Amino acid sequence: METPLAKRLQKRQVTFLVILLLWWEADAEAITYSMPEETESGSFVGDLGKALGLGLGELATRGAKIHYKGNKRLLQLDVKSGNLLLYETLDREALCGATEPCILHFQLLLENPVQFLLVELQLQDINDHSPEFLEREMFLKIPENVQPGTAFPLKVAQDSDIGSNAVQDYAILPNSLFRVLTHDRGDGRKYPELVLAQVLDREEEKELSLTLVALDGGTPPRSGTMTVHIEVLDINDNTPEFPQSLYEVRVPESSPLGSLVVAVSARDLDGGTYGSVSYALFQGDAATQPFVIDETTGEIRLKRMLDFETIPYHKVDIVATDGGGLSGKCTVAVEVVDVNDNAPELTMSTLTSPTPENAPETVVAVFSVSDPDSGDNGRMICSIQDDLPFLLKPTFTNFYMLVTSSPLDREARAEYNITITVTDLGSPRLKTKHTIRVLVSDVNDNAPTFTQTSYTLFIRENNSPGLHLGTVSATDRDAGTNAQVTYSLLPPRDPHLELASLVSIHAERGHLFALRALDFEALRAFEFRVGAADAGSPALSSEALVRVVVVDDNDHAPLVLYPPAPNGSAPCPELVPRAAEEGYLVSKVVAVDGDAGQNAWLSYQLLKATEPGLFRVWAHNGEVRTARPLGERDAAQHRLVVLVQDHGEPALSASVTLHVLLVDGFSQPYLPRPEGARDEAQADWLTVYLVIALASVSSLFLCSVLLFVALRVCRRRRAAAECGYPVPEGYFPDHLAGSSNTGTLSHSYQYEICLSGGSGTNDFKFLKPSIPHLPPASAGKEMDSNAAFRNAFEIN
């Protein structure tokens with residue numbers, strides 16, 4: 001029977017296996033962040049929740065944890081906000097040393113469900129380290145007979161920074177006897193040499209103390225110093241010599257630490273102290289140099305693993321120094337032998353996405369492949385899927401082009417996912433897969449298509465300018481600018497149609513607008529063509545027919561043609577015989593309407609009549625007929641008001657007045673017009689004319705009477721003069737009697753002039769005698785005696 005402890009151990013082993021399996025199935029794509037080193041703890045690194053596409057609080061739900069190798073806690077994850085923070089200040093030099101780039105790999109574990117994700121943090125170097133010499137002091141022994149220009153190797157300063165922040169220059173202070181030359185080793189690192197500028201004299205100065213200053217390339221630059229003590233020696237005329245100046249060795253990069261690389265030896269012909277030789281590495285950096293030398297035996301061994309991909313070739317300068325301070329130098333060239341420990345890498349140089357359709361042999365992508373390994377380990381082959389219309393073409397060494405093998409059709413397939421597989425020929429073979437997404441761009445091979453071949457739009461007349469008539473619409477199967485449709489009005493086929501003043505179109509939306517008010521009576525319908533062109537090159541277009549129908553509006557009142565308007569003169573009455581029977585046609589009102597349809601349907605009705613019930617108006621044709629037989633008692637003059645009305649909405653109308661005159665026969669003279677038929681303005685003018693006429697006639701008559709009286713008086717005087725009678729002057733009383741020819745009258749007569757303006761016959765009464773003034777009865781005899789005189793009286 002198993003104990004509880006054994007069950008727990010077995011359960012932990014199963015859990016570990018499940019986690020291990022899920023680890024191998026985890027997504028290999030890393031989430032990468034970058035930040036400068038020495039950033040304060042608690043600083044924000046990145047938003048893991050946003051990078052993973054998780055909402056707020058989902059990291060906590062899924063039990064997210066961040067792990068680093070050795071269970072070091074460098075980062076901390078706030079599962080509530082999803083923010084990744086620095087747990088402590090990171091030192092690039094402590095974590096990565098001289099490795100560049102410095103990338104820290106973290107594992108993100110999501111427990112529910114289980115998922116592993118790779119998080120990479122790249123630390124950027126800052127100039128936070130000053131150059132330092134491993135020893136504070138250096139001792140040189142220089143014989144006094146050394147010639148100027150002789151160079152002496154100096155210790156190299158160490159700088160944990162890299163790149164331009166590393167040591168860039170050296171200087172010596174004071175520099176009256178010596179100067180410093182700074183050399184480049186070829187790998188970017190600098191080393192100094194002390195050059196004698198003047199001849200030394202041991203008797204003048206036995207010892208010298210100089211300051212060697214190392215400067216880096218940071219901003220501002222940092223520096224480190226070392227004291228160089230120089231002892232001037234007596235003559236030592238033999239220097240140590242190596243049997244060969246260059247040693248070449250090959251070391252596999254997988255060699256273990258402490259492995260012997262090579263052993264060097266030097267010989268000094270001097271004896272005693274001057275012949276004793278010690279070995280040392282020069283131009284080396286303790287932080288980056290992977291070798292160490294035994295100062296007695298000259299054996300060079302590995303103190304750090306080699307990496308062919310980082311540094312495939314090392315050059316190490318070995319100096320052998322005798323007891324008299326003279327030294328000799330040789331170089332050890334170490335070639336690192338590659339092993340297949342690196343998978344191929346693919347670098348995309350050019351990616352043309354989207355790729356145009358209908359174009360064979362189109363270059364989609366240009367990329368290069370590389371493998372840091374060498375030989376077969378660095379030789380590679382590339383391949384893609386077989387079921388795609390693409391192929392790989394090699395160009396230069398390790399450069400390939402991805403081209404289309406047949407024309408693409410965007411309408412059939414607009415996107416391809418192409419996986420490029422790169423495999424090296426090493427043992428075992430390593431491979432890398434890179435997937436690119438290729439979008440097929442559109443070529444303008446489809447013209448816009450209208451939803452209808454023709455459009456019919458209706459608009460009421462008297463519209464407001466700018467009224468929206470309707471919309472035409474066209475679609476294009478292409479995409480992008482090739483599918484951007486622009487609408488325009490095409491020139492009309494009718495040269496008399498001024499389309500530009502009637503209609504406008506919105507170039508992008510296809511809205512049609514009326515530019516001015518339309519008049520149904522002037523233009524009932526018109527047609528024009530609308531073009532739709534895309535924005536491709538060359539542009540494709542199509543057209544559609546648009547017919548605009550103007551809908552009539554009731555904007556015209558009926559116009560009466562008959563009877564005509566008086567136009568300043570007396571209207572002509574309609575004559576109707578009194579013997580007319582029922583239904584006798586008196587007149588017909590004729591009217592027209594400029595509108596159409598029901599707006600032009602006219603109806604007639606009798607609005608007012610002098611004698612209701614005597615006449616009637618037919619509603620459809622405007623005929624005025626008698627409603628009953630006429631009688632003697634019916635008035636002679638009748639005034640009828642006829643209303644003409646259309647059927648529009650709202651209805652418009654007009655009225656006309658008919659004057660009807662009942663006559664016994666059509667031969668009877670024209671009777672005066674009925675009372676009140678004249679309008680007021682005409683009556684005023686007639687009154688003026690009548691007054692002028694009366695004044696003229698009266699003046700003419702008065703002149704005629706005075707002329708007549710004057711002529712009679714003149715005749716009587718001439719007659720009296722011829723007979724010898726005196727002519728009496730003055731007044732003749734009307735009671736004079738006598739039978740003599742005196743020219744006087746026994747009775748007086750009165751005459752009246754009467755111009756009747758109100759009588760119907762316009763009679764003019766002129767010189768009508770009134771009742772004479774008869775004398776009294778006693779004068780009868782006198783009257784009889786003068787009868788002959790009266791009978792003889794004559795008015796000429």
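Where is the place of Pro220? I found Pro220 in the loop between β13 (207-216) and β14 (223-233); helices (H or I, at least four residues) and strands (E, at least two) are DSSP runs, numbered from the N terminus. I went there for the peptide bond: Thr219 and Pro220 are joined in cis, with omega about -5°.

**Ground rules**

I am working on a predicted model, where local features need pLDDT of at least 70, side-chain atom pairs count only at pLDDT 80 or more, and totals for chains, interfaces and linings use all residues. Residues are numbered from 1 along each chain as its sequence is written, and side-chain values use heavy atoms, with hydrogens and water left out.

**Confidence**

I looked up pLDDT, the predictor's confidence in each residue, from 0 to 100. The average for the protein is 79, and 82% of the residues score at least 70. Residues 1-28 have pLDDT below 50, and this stretch has 10 contacts in the model beyond near neighbours in sequence; contact means heavy atoms within 4.5 Å. Residues 667-678 are also below 50, with 14 contacts beyond near neighbours. Where pLDDT is low, the predicted coordinates should not be read in detail.

**Overall**

I get 7 helices and 49 strands for the protein. Of its 796 residues, 34% are buried; buried means under 20% relative accessible area, exposed over 50%, partly exposed in between (1.4 Å probe, protein chains only). Among contacts between residues at least 6 apart in sequence, 66% join residues at least 24 apart.

I have another cis peptide bond at Ser537 and Pro538, omega about 0°. Pro538 sits in the loop between β37 (525-534) and β38.

Then I checked phi. Asn398 is near 65°, a positive value in a residue other than glycine, and it lies in the loop between β26 (390-394) and β27. Asn462 also has a positive phi, about 60°, in the loop between β31 and β32 (468-471). Asn398 is partly exposed at 32% relative accessibility, and Asn462 is partly exposed at 42%. I logged these because most residues other than glycine have a negative phi, and most peptide bonds are trans.

**Salt bridges**

How many salt bridges does a search of the whole structure find? I count 14, a salt bridge being a side-chain nitrogen of Lys or Arg within 4 Å of a carboxyl oxygen of Asp or Glu.

Asp442 and Arg410 meet at 3.2 Å, N to O. This pair links distant parts of the chain, 32 residues apart: Asp442 is in the loop between β29 (431-441) and β30 (449-450), Arg410 in the loop between β27 (399-404) and β28 (415-424). Asp442 and Arg410 are both buried.

Asp553 bridges to Arg460, with the closest N and O atoms 3.7 Å apart. Asp553 is in the loop between β38 (541-551) and β39 and Arg460 in strand β31 (residues 454-460), so the pair ties together parts 93 residues apart in sequence. Asp553 is partly exposed at 24%, and Arg460 is partly exposed at 47%.

Arg301 pairs with Glu299 at 3.1 Å between the closest N and O atoms. Arg301 is partly exposed at 31%, and Glu299 is partly exposed at 28%.

**A charge without a partner**

I stopped at Asp268, in the loop between β16 (260-263) and β17 (278-282). Asp268 is buried yet has no salt bridge, and the nearest side chain of opposite charge, Arg267, is 8.3 Å away (Lys and Arg count as positive and Asp and Glu as negative; His and the chain ends are not counted). Not counting residues up to four places away in sequence, Asp268 touches several residues, including Asn238, Tyr274 and Asp322.

**Nonpolar patch**

Leu559, Leu561, Tyr562, Val590 and Val592 make a nonpolar surface patch of about 410 Å². Patches are made of residues with over 30% relative accessible area and no salt bridge: like charges are joined within 9 Å, nonpolar side chains (Val, Leu, Ile, Met, Phe, Trp, Tyr) within 5 Å. The largest share, 3 residues, comes from β39. Val590, in strand β42, is partly exposed at 34% relative accessibility.

Technical notes:
Accessible areas come from the Shrake-Rupley method with a 1.4 Å probe; for residues, only the protein chains shown count as cover.
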